[in-house]
Amino acid sequence: MIRHPLLFGCALALPLTLCAQQASVQVQQPDLQGSRQLESLTATSVVRDYLQSWKAFRAALDRNAPRLLDQAFVGTARTKLSDTIAEQNKLGIHTHYVDRAHRLQIVFYSPDGLSIQLVDHVTYDEQVMQGNTVLAMQPIHARCLVVLTPSQTSWQVRIFQATAE
Amino acid sequence: MSLVRCLLLAGSALVASPFLLAQSLSMNLPARVAAGSAFSVPTSGSGPGTLTIVGPGQALRRNVQLGSAVALAAGVLYNAGEYVAILSDGSDSQIGLFEVTAAQQPSTLSFLAEPSRLPVDLQNGISGTVYLFDVYHNLIVSPMPVSFDLSASSGPSQTRTVTTRYGVGWTRMNSAPKEGSAHFVAHAGDVSSTRVIDEVPGDPCNLSMTATPDGVKAKLQTAPVRDCSGNPVPDGTVVTFTASYNGMQSTVDVPLKKDIAQVEMPVPHGATISVASGVVAGNQIRWSGQ
Amino acid sequence: MKLPLKSYDTNQQLFFAYHYLHDWWNPWNVKWFTGFSQTTYPPLPQQWTAILAHIVGLQYAYMLVQFVAILLLAVGMYRFAAIWVNERAASFASLAVVLLGSESFLIYNAGQLATTWEAALYVLALPYLYEWLRYGGWRPFVKAVVLFAATCSAHDVIIIFGTAFFTFPLIALAIMEREQGEEKTTGGAVVARAVAVAIIAAAAIAIVLLPYWIDLFRYPVTQTPIPHASRANYLLTPFWGTNYFLIPWGALMLALPFIVWRGAHVRRLVPLMLGFWACFLVGLGGTTPVALWLLHRAFYVLTFERVAYWAELLSLPILGLLCSELVARFRMKAVVPLVVLAAITCGLPIAWANYQPTNSINLDVGPVAEWLNRGGHDNYRYFTLGFGNNISRLSIETNANTVDGEWYSDRRLPELMKYGGGSLDNSKYFVPGGLDALRAILHHADRYGLKWVFVHDPWYDPLLHFAGWRQVDQLEYGAIQVWSKEAVPPAHPMVFGVKPPAWQGIMWGILPVGSSILAFLLVFIPDKRRQIGASEDVGATDETIVPERMAS
Amino acid sequence: MRGAVLAIGIGIVTVVLVAIGTIWPIPSAIYFAGSGNGNVLRAPSAPEDAIQNLGIRIRLHQLPAAYNSLANKAEFTESDFDQDVTGFYTSLRTQATLESVDAQPLHQSDDQADMRVRFHWITVLGPYDDTRDIQVVRNGNRWQVDWPLVRRPSVPAQVIPVNYLRWDVIYSGSTDEWGSQNVAGPNVRIVDMRPVNRAEGVYVLGELLNNDVVPAWVDVRATLVGKDGNILGREDSFDMISHRLLPKQVTPFRIHFPNVDLSQVASIRMHPESILISASADPVVEILNQKYNVQPIASLTGQLSDQSGQTVNFAHVLSTFYDSNGNVVWVSDRYIGRALLPQSPVDFTVAVPEDLARKISSERTIVATYSPKGVEL
């Protein structure tokens with residue numbers, strides 16, 4: 001009974017998703033508590049790279065392609081996400097994430113400049129799919145704790161952990 | 001006519017009752033589960049079904065007998081995050097949402113200590129940052145105390161205790177006035193991590209040399225080279241000797257060995273010999289051959 | 001069995017074919033020179049290789065395509081020689097072309113698949129051209145035009161530079177014999193037909209290879225000429241004389257006096273002999289000034305081993321005549337030495353390729369490809385030093401892109417165009433241009449995301465060291481050193497020149513291979529039966545008829 | 001008869017054309033014959049011809065023939081000559097190709113001529129010239145070169161104790177253990193920097209100090225920013241720097257921006273790069289008798305003397321030139337053609353642009369070295 005309305009909902013949601021330009025992004029003033037001064041250029045590039053990582057995250061979990069994570073994720077986050085992709089593959093499912101809104105705040109910049117932590121109050125839809133069949137679609141509001149570390153050319157996500165709002 | 005209709009309705013309800021019962025698929029998800037802990041999900045309905053749990057951190061599936069509780073053993077679901085649970089009996093499904101939170105007991109800590117090497121006697125020159133993780137490498141976001149301890153080979157040790165915020169704690173320390181290796185230790189609960197910080201001498205101070213004749217050459221030798229705190233400058237540091245005479249010049253870069261640099265070079269009488277290391281200049285000698 | 005795979009250009013041909021195999025409709029290949037268009041190289045043999053590779057794999061497909069070229073050439077030579085000499089002599093010419101030293105040289109030493117294919121298709125077209133010139137009619141006209149278009153799809157050099165040597169003798173012959181036979185014509189008609197076929201064939205070629213011409217007109221050859229040893233004087237440099245004259249000509253050299261003598265004495269062979277002679281002189285490269293006088297700047301673009309090959313093809317009808325006469329006169333006493341000489345001529349280039357291998361570097365590039373494909377190393381560009389023609393093989397196996405490459409005509413990197421070196425890989429052989437290019441590209445490593453240099457020749461080590469590169473790894477038990485430069489940003493897509501638009505990719509994927517299929521289909525349309533070649537007595541000179549020959 | 005005439009005519013024309021192509025070779029033929037002036041030997045009827053013939057034979061690596069053409073070959077062996085020409089040990093000279101030879105007569109009589117001969121070599125590190133004064137003598141109607149042999153340096157047998165320091169670096173490994181400690185990169189800093197405008201473009205000159213206690217592998221990149229904020233160019237020091245820097249060692253650097261005028265430049269961003277490397281403190285090379293000459297050619301001359309026991313196969317001299325205020329006015333370099341043997345001084349000359357010659361009041365020189373692993377001494 002639920003599946004058909006669900007399919008209908010997904011069928012409706014899909015074009016809406018495609019039409020949607022981008023998730024809305026709101027960046028709040030950093031709350032660093034004196035750890036290290038944050039240049040505005042650094043803050044901008046961290047936010048840009050983090051939002052970019054969502055693209056990689058979405059594509060990798062939708063296509064079950066761990067290689068797509070390489071540019072944006074590193075360390076624990078990379079390992080955990082690729083393990084999830086392997087498990088999805090084993091179960092024959094893939095997940096389609098659509099991020100709707102981000103409210104970001106940088107909360108820590110380590111004194112050595114080698115890590116930045118931000119909190120993202122994110123709203124996203126998670127669609128669990130088996131082939132082209134939608135098994136579930138769930139809108140989620142979560143608080144993501146994200147730690148990024150610098151690589152040669154960009155900031156890469158090292159910790160990516162959601163908690164309930 | 002109405003009696004017939006009532007009978008028909010009653011008969012239909014009787015026939016349809018098993019199906020109506022079968023459609024009442026549901027599960028009772030906990031709102032929050034600690035990472036790696038065992039928990040169960042009571043379900044309603046009948047017959048076989050599947051429980052699929054999917055989130056960015058993990059994806060797993062269990063075959064279930066609907067109507068009984070699904071038990072997930074300890075260590076099965078261990079990555080913190082938001083998860084979608086889908087209970088399905090093949091024709092129908094029920095969706096739920098729950099959270100896996102990090103365990104409260106720190107198991108590992110990522111300790112970033114910088115720099116690995118710095119000059120002696122530098123205020124706030126050393127920084128330490130600790131990220132706390134549970135046994136499944138989930139960031140422990142609840143506040144926890146972390147202590148930092150910097151002990152040099154000589155002099156008193158420095159200790160600071162901070163409380164983590166969003167799983168991270170940090171501090172700054174001063175380097176010791178004497179050169180040597182310092183141990184920088186971070187503690188959280190029963191876990192600790194150690195880093196070695198090399199506290200190295202600064203630029204040479206009061207660089208001086210002597211020149212003595214050695215056959216046709218002059219033997220140039222520095223006094224033991226020390227920084228302004230009296231620490232010996234490390235061996236291998238380059239000292240440059242320069243002899244200038246009649247518009248000509250001879251130079252040689254010599255690495256320090258056992259605190260001194262020495263070289264034999266041909267120096268004509270009347271030459272001016274100077275010594276330097278990096279941007280620090282030492283004394284000058286006018287060479288008379290004696 | 002796989003001898004042709006050892007020849008110099010084979011890996012390059014395979015590299016092009018590999019691209020068509022994976023991306024038939026997009027000729028833009030990013031693996032070399034930060035990106036280049038394969039529309040700068042006529043694609044027919046590589047496209048056929050790619051098609052057959054779906055069935056037999058890339059390497060066997062290459063050899064199969066090469067084999068087909070030889071078969072087509074034998075058929076073509078029989079028909080071409082039959083214009084000039086009798087059928088028996090033409091048969092000998094057809095047999096000789098398979099054993100030709102130059103043919104063997106191109107297949108086993110140079111690996112010029114495109115040259116053998118263009119020659120085969122071109123020689124196939126010539127009898128139709130002659131028939132059209134002499135008698136007119138739509139069938140030979142259409143067949144000639146389509147075969148010329150297919151020839152150009154394989155390679156354009158013979159059409160552009162070889163036409164004079166092959167077609168002028170045919171025009172001359174058609175005029176000389178305009179009054180002979182039942183179907184007579186006039187000199188004016190022959191010339192008019194020649195002009196007509198030239199115009200229509202040019203139009204067909206222009207359409208079939210349109211993306212090629214667009215690229216050529218947009219980027220005429222402006223880079224500093226790259227030295228090629230076929231432009232050397234073969235007497236002053238005996239090694240190159242051996243490589244480009246003695247080896248390809250082989251025992252055919254012994255027949256040269258006969259070819260000239262007989263060609264000068266038989267009236268209808270004079271045009272062929274003169275065409276041969278002119279081609280022979282040009283094919284000597286820098287040994288005579290003729291090629292430079294005739295070609296001017298094109299002299300520094302053309303390589304002359306192929307011109308020597310054409311000269312040999314032109315000599316074959318008269319050689320066939322010689323063989324025919326010797327066998328008729330001396331029977332087995334002639335057959336045995338002829339077979340031995342033919343075997344030597346054919347075998348010499350194969351032996352030479354083993355004695356002086358052009359691909360002298362026996363290197364397994366697999367570990368290099370694996371190294372590049374792991375750990376994000378392929379986010380940067382690389383190049384090799386001392387790998388020889390293995391760089392094409394490496395390019396096939398790795399995901400990473402290089403700033404180097406072996407197809408010089410479409411490299412647009414300023415550092416590579418300016419100095420006149422070949423590939424960076426063998427820059428030490430191009431003094432000083434190659435070394436200048438190497439220094440320039442190392443200088444601009446940041447610009448190209450160039451982080452890795454694989455060195456199989458320690459000769460280059462001092463330059464890398466003093467230029468700030470560090471050895472970071474070694475492969476193949478130390479035979480290959482990996483050098484790296486710090487703080488180089490990852491490579492990003494770069495386009496020097498213009499990427500061909502999608503419509504050109506579609507044209508490129510359809511027309512060249514389509515022209516060859518059409519040509520093969522048209523050849524099966526039956527010809528009008530007529531004696532277009534020589535009568536039986538052409539073997540004799542105009543001045544003396546040899547009685548024995550008449551008797552045979 | 002007409003056929004015979006045609007055939008013979010073709011034969012004759014062919015021979016004539018081949019003869020023309022051989023006697024007066026075209027440029028591509030000259031290139032492959034050894035480039036420069038070609039390898040067409042001439043009858044040595046003049047001193048210049050004898051020199052050129054010798055150059056051709058060296059270029060074509062026909063060293064036995066070159067040796068046999070010498071007037072004084074009885075004074076040394078062919079092996080001595082080979083080693084003199086190609087270098088005694090692995091060095092720039094052993095890898096060099098002789099491109100051309102220029103001979104200038106200094107003095108000439110009927111039987112003898114003194115020539116200043118410039119041998120122009122091409123090497124992997126760029127071209128370099130080797131100039132020798134050579135005497136050419138007449139022997140009958142032939143001129144022959146009297147080769148001024150430089151004998152292989154003879155180093156007395158001895159034991160040179162080598163106990164200089166070496167730094168080895170052990171990194172924490174390739175696993176991605178975040179937070180695990182790794183050794184920090186060396187602290188380097190630019191102690192002087194100055195842009196200079198010249199006809200060839202802008203040069204950024206300066207000096208870089210390794211301010212740390214560990215050896216560093218360094219490079220300097222510079223970005224020129226135009227007045228409109230656009231990037232005019234990004235270049236690095238390439239080989240105009242000593243990339244290996246020991247603690248407290250200073251290297252000059254020179255970065256070239258071709259086709260840029262200083263008037264276009266609003267600012268310059270400097271990016272010194274350094275990483276920690278394993279290194280040895282040897283070899284120690286003394287730079288002796290440095291003398292700056294304004295006349296006749298502005299240059300710095302001196303000698304390099306290897307104080308250690310190992311042979312230095314490749315040496316690169318880098319000199320910084322200062323004005324009277326101590327500002328860097330130029331950085332120049334020179335690769336040394338021959339290997340440096342222990343305690344066997346080798347001359348060097350570093351050229352200075354003539355227009356800067358008068359501005360220079362002092363200089364500072366360092367030597368970067370490279371010896372490939374496994375080179376046989």
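**Entry 1: the domains of chain C**

I began with chain C, where the C-alpha centres of domain 1 and domain 2 lie 36 Å apart. I note at the outset that the model is a predicted one. The domain assignment of chain C gives domain 1 as 3-11 + 42-357 + 503-523, and domain 2 as 366-484. I then looked up the contact between these two domains: seven residues come from domain 1 of chain C and 13 residues from domain 2 of chain C.

**Entry 2: chains that touch**

Which chains have the most contacts among the five pairs that touch? I found that chains C and D do. In that pair, 42 residues of chain C are in contact with 40 residues of chain D. I listed the elements that give two or more residues to the side of chain C that touches chain D: helix 12 (252-265), helix 13 (270-283), helix 14 (290-295), helix 20 (433-443) and helix 22 (461-466) of chain C. Helix 22 of chain C gives the most to this side, with five residues. By class, the side of chain C that touches chain D has 25 nonpolar, 10 polar and seven charged residues.

I also looked up chain B and chain C, which do not touch. Their nearest C-alpha atoms are 19 Å apart.

**Entry 3: the overall form of chain B**

I turned to chain B, whose secondary structure comes to one helix and 25 strands. Why do I call chain B more spread out than a compact globule? Its radius of gyration is 38 Å, whereas the globule rule gives 19 Å for 290 residues; the value is well over the rule, so chain B is more spread out than a compact globule. I noted as well that the C-alpha atoms of chain B fill a box of roughly 140 × 40 × 25 Å along the principal axes.

Of the 290 residues in chain B, 44% are buried. Among the contacts in chain B with a separation of 6 or more, 57% are between residues 24 or more positions apart.

**Entry 4: the domains of chain B**

Chain B is divided into domain 1 (22-101), domain 2 (108-200) and domain 3 (204-286). I found 41 Å between the C-alpha centres of domain 1 and domain 2 of chain B. Five residues of domain 1 of chain B are in contact with four residues of domain 2 of chain B. The side of domain 1 of chain B that touches domain 2 of chain B has three nonpolar and two polar residues, and no charged residue.

**Entry 5: strands of chain B**

I examined a hairpin formed by strand 12 and strand 13 of chain B, with six residues between the two strands. Strand 12 (residues 145-151) and strand 13 (residues 158-163) of chain B pair in the antiparallel sense over six bridges. One detail I wrote down is that B:Gln158 in strand 13 is the bridge partner of B:Leu150. In the turn, B:Gly155 has a positive phi of about 90°.

I then looked up an open sheet of three strands in chain B, which has the order 18-19-23 and antiparallel pairing. Strand 18 (209-214) and strand 23 (262-265) of chain B stand at the edges; each has a single partner strand, so one side of each is left without a neighbour in the sheet. The twist averages 20° from one strand to the next. Strand 19 (residues 217-222) of chain B is joined to strand 23 of chain B by four bridges. In strand 23 of chain B, B:Gln262 is the bridge partner of B:Gln221.

How values were computed:
Residues are numbered from 1 along each chain as its sequence is written. Chains are lettered from A and ligands numbered from 1 in the order in which they are written. This is a predicted model: local features need pLDDT of at least 70, side-chain atom pairs count only at pLDDT 80 or more; totals for chains, interfaces and linings use all residues. Ala, Val, Leu, Ile, Met, Phe, Trp, Tyr, Cys and Pro count as nonpolar, Asp, Glu, Lys and Arg as charged, and the others, Gly among them, as polar. Two strands pair if DSSP finds at least two bridges between them. Axes are lines fitted to C-alpha atoms, for helices over the stretch in contact, and angles run from 0 to 180 degrees between N-to-C directions. Domain bounds come from an automatic or database domain assignment. The radius of gyration is taken over C-alpha atoms; the globule rule is 2.2 Å times the number of residues to the power 0.38. A residue is buried if 20 or more other C-beta atoms lie within 10 Å of its own, exposed if 12 or fewer, and partly exposed in between; C-beta atoms are placed from the backbone.
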